[in-house]
Amino acid sequence: MRNVLLLAGLAGLIAGPALAHPVFADREAVAGSHWAGELRLGHGCDGSPTTSLRVEIPEALVVVRAQPKPGWTLDIERRPLAQPVAGEGGRMIVERVTAVTWSGRLTDDQFDVFGLAAKLPDAPGSLAFNVIQTCEEGVVAWNETAGPDGARPAHPPAMLNLTPSAARPHH
């Protein structure tokens, strides 16, 4: 019996990443907090290695940082804000990060994580991060929303659910 459970667990580990789409390791965060998260990428494009991962940053996020990865190049796209906002320490923020792209190589039989940090908006709700996964052969846009019938999309964006500050204990 123990061997059967062990084999079932191993099969889940092997099959799991092949079916996964880009998701955050922790899919919830406290609204208004400083957040650091990992976007998990579980596979390539139908057997083809991933060569870049572009994460489009929701407009509600003004302050965003990306974690560099050894062996990957990092490109951060910015756009001027229509109206500058005061940041921490009174520093004025005049532009926001609109997208982060990591370029490298991840074979289809491996997974990896890509780090982001941000100052989250004060209002609870959901943030959708569109992800463009480019592979040696093919591109997958993880940006589909549920249709009018509520059917689950084949390529959903990575979601981060912002909970009210009282909903989760502070560490």
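**View 1. Cys135 and its disulfide partner in the predicted model.** In this predicted model, Cys135 is buried, with a relative accessible area of 5%. A disulfide connects Cys135 to Cys45, with an S to S distance of 2.1 Å. Distant parts of the chain are linked by this pair: Cys45 lies in the loop between strand 3 (34-41) and strand 4 (50-56), Cys135 lies in strand 10 (residues 131-135), and 90 residues separate the two. Cys45 has a relative accessible area of 6%, which is under the 20% limit, so Cys45 is also buried. The link of Cys45 and Cys135 is right-handed, with 70 degrees about the S-S bond. The structure holds 1 disulfide.

**View 2. Asp46 in the loop between strand 3 and strand 4**. The relative accessible area of Asp46 is 85%; because this value is over 50%, Asp46 is classed as exposed. Most residues other than glycine have a negative phi. Asp46, by contrast, has a positive phi, near 50 degrees. The loop that holds Asp46 is also the location of Cys45, and Cys45 is buried, whereas Asp46 is exposed.

**View 3. Asp109 in the loop between strand 7 (92-106) and strand 8**. Asp109 counts as exposed because its relative accessibility of 69% is over 50%. The side chain of Asp109 forms a polar contact of 2.7 Å with the side chain of Thr107. Asp109 and Gly42 are 67 residues apart along the chain, and their C-alpha atoms are separated by 8.4 Å.

**View 4. The largest pocket and its lining**. The largest pocket contains about 340 Å³ of space. Its lining consists of 17 residues, and those nearest the centre of the pocket are His34, Val63, Glu88, Ile93 and Lys119. By residue class, the lining comprises 11 nonpolar, 2 polar and 4 charged residues.

**View 5. Strands that contribute to the lining of the largest pocket**. At least two lining residues come from each of strand 5 (64-66), strand 6 (73-86) and strand 8 (112-119). Strand 8 supplies the largest share of the lining, 3 residues.

Note on methods:
Residues are numbered from 1 along each chain as its sequence is written. This is a predicted model: local features need pLDDT of at least 70, side-chain atom pairs count only at pLDDT 80 or more; totals for chains, interfaces and linings use all residues. Side-chain values use heavy atoms; hydrogens and water are left out. On a 1 Å grid over the protein atoms alone, a cavity is a set of points where a 1.4 Å probe fits but cannot get out, and a pocket is an open set with protein on both sides within 12 Å along at least five of seven lines; lining residues have an atom within 4 Å of a point. Grid points are joined across faces, edges and corners, and a volume is the space filled by probe spheres set on the points. Helices (H or I, at least four residues) and strands (E, at least two) are DSSP runs, numbered from the N terminus. Ala, Val, Leu, Ile, Met, Phe, Trp, Tyr, Cys and Pro count as nonpolar, Asp, Glu, Lys and Arg as charged, and the others, Gly among them, as polar. Buried means under 20% relative accessible area, exposed over 50%, partly exposed in between (1.4 Å probe, protein chains only). A polar contact is a pair of N or O atoms within 3.5 Å; within protein, one must be able to donate a hydrogen and the other to accept it, and residues adjacent in sequence count only if both atoms are side-chain atoms. A disulfide is a pair of cysteine sulfur atoms within 2.5 Å.
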